[in-house]
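Please look over the sequence and the model below before reading on.

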Amino acid sequence: MFEDTLLESSVKAAPTLKGIHWLISIALGAAVFLSMFFLLPTISANETKVIVAQSAIVSAVIAAFALILCYVLVDCKRHGFNRAVWFSVVLLLNLVGFILYLMYSAAKTGDWQRATLPIAYLFEAVIIGVMVLVPLIYTEALPKAQLMTFLAAPPPPPPPPPPPAAAPPPRVFRKVSAEDLMRTPTVIPRTIAKVENEPPPAAVGVVGGVPGGDSGGSFGGVLGGVIGGVLSQAAPPPPPPPPTPTAPKRVRVGGQVESARLIFQPKPEYPPLAKMARIQGVVRLDAVISKDGTIQDLKVISGHPLLVRAALDAVQRWRYQPTLLNGESVEVATEIDVNFTLAE
């Protein structure tokens with residue numbers, strides 16, 4: 001009775017686990033983590049993040065189990081139980097052995113609260129662990145339709161409004177004066193009558209006459225001036241039409257033919273989210289191989305949304321041998337298949 005009234009100084013009120021027990025458990029967990037971190041890469045091809053997660057989970061479980069063993073040894077010493085027997089039971093049966101020890105110690109001491117509270121905590125931890133691990137193990141149970149809606153790309157923005165129609169050019173009207181009508185004849189005579197009875201005058205004809213015409217006659221001089229003025233005002237010939245641009249030469253071949261001509265083909269990196277969800281398949285792309293063998297105008301035909309980005313990044317760096325047609329390099333249109341397969 002006096003011992004129970006001392007509260008914290010009582011043997012019953014003293015904590016079972018000391019600082020040395022926590023230090024031993026943490027040191028054991030750290031040793032397990034380091035050993036697995038350096039050992040797993042030699043037997044597994046997983047990424048560094050996955051190896052760290054696996055090592056952390058195993059080290060946490062080992063540290064907790066070491067803490068349970070320390071608790072059993074200290075508690076058996078306090079109450080006078082057989083430490084070797086109960087240490088072996090807990091070591092072999094794990095959580096089941098620990099629950100048996102808690103029930104045995106509660107029955108011997110008459111304090112059932114020391115057994116019910118740890119058992120309740122253990123069941124809660126097991127239930128939470130099962131709820132977290134089951135979706136990661138059975139990926140088929142994931143809501144694929146809802147996951148696809150979350151990962152779908154947003155719709156493209158609406159196109160801009162069309163530009164306003166260009167105004168027609170202003171029409172230019174030329175004003176014709178009476179002098180223009182009198183200077184330029186409307187009709188040119190086809191034949192010219194030659195007068196033989198009149199003697200040719202001694203004076204020089206009008207400047208601008210037609211060669212071979214009547215140089216001395218007044219009519220010939222006037223007609224020569226009129227024809228010379230009309231020919232001088234004739235419109236120049238139209239310019240030649242511009243050359244039509246020729247479309248670049250491009251041929252289309254099958255994907256198997258182009259696969260044999262690859263000279264540089266880096267493998268795509270498997271997306272971590274697709275690997276966790278166990279998603280695999282083929283991403284089909286439509287590509288144009290330029291004259292120097294680089295990839296141009298890369299478009300997606302089909303494929304899972306989680307795998308498309310990795311396929312585009314990898315194929316964009318591929319290089320091909322230039323394709324020759326009649327001794328000239330040409331562009332090639334083809335389809336490329338990128339396979340994503342999870343290793344068993």
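**Salt bridges, a helix and some backbone angles**

Asp337 and Arg284 are joined in a salt bridge, in which the closest N and O atoms are 2.8 Å apart. Asp337 belongs to strand β7, which covers residues 328-340, while Arg284 belongs to strand β3, which covers residues 281-289, so this pair ties together parts of the chain that are 53 residues apart in sequence. Asp337 has a relative accessible area of 39% and is therefore partly exposed, and Arg284, at 34% relative accessibility, also counts as partly exposed. It should be kept in mind throughout that the model is a predicted one.

How many salt bridges does the structure hold? There are three, and another of them is formed where the side chains of Glu47 and Lys275 meet, with 3.8 Å from N to O. Because Glu47 is found in the loop between α2 (19-43) and α3, whereas Lys275 is found in helix α11 (residues 272-276), this pair ties together parts that are 228 residues apart in sequence. Glu47 counts as partly exposed at 29% relative accessibility, and Lys275 counts as partly exposed at 32%.

The remaining pair to consider is Arg309 and Asp313, whose side chains meet in a salt bridge with an N to O distance of 3.1 Å. Here the two partners sit in one helix, α12 (residues 305-315), and because they are four residues apart in that helix, about one helical turn separates them. Arg309 has a relative accessibility of 52% and so counts as exposed, since the cut-off for that word is over 50%, whereas Asp313, with a relative accessible area of 40%, is partly exposed.

From these pairs we can turn to helix α3, which runs over residues 48-79 and includes Ser55. With 32 residues at 1.5 Å a residue, α3 should span 46 Å, and the C-alpha atoms at its ends are 47 Å apart, which agrees with that expectation. Just after α3 comes Gly80, which takes a positive phi of about 80°.

A polar atom of the Ser55 side chain lies 2.9 Å from the backbone oxygen of Ile51. When the neighbours within four places in sequence are left aside, the residues in contact with Ser55 are Phe33, Met36, Phe37 and Leu40.

Asp297, however, is found in a strand, namely β4, which covers residues 295-302, and its relative accessible area of 47% makes Asp297 partly exposed.

Conventions
Residues are numbered from 1 along each chain as its sequence is written. This is a predicted model: local features need pLDDT of at least 70, side-chain atom pairs count only at pLDDT 80 or more; totals for chains, interfaces and linings use all residues. Side-chain values use heavy atoms; hydrogens and water are left out. Helices (H or I, at least four residues) and strands (E, at least two) are DSSP runs, numbered from the N terminus. A polar contact is a pair of N or O atoms within 3.5 Å; within protein, one must be able to donate a hydrogen and the other to accept it, and residues adjacent in sequence count only if both atoms are side-chain atoms. Contact means heavy atoms within 4.5 Å. A salt bridge is a side-chain nitrogen of Lys or Arg within 4 Å of a carboxyl oxygen of Asp or Glu. Buried means under 20% relative accessible area, exposed over 50%, partly exposed in between (1.4 Å probe, protein chains only). The expected span of a helix is 1.5 Å times one less than its number of residues.
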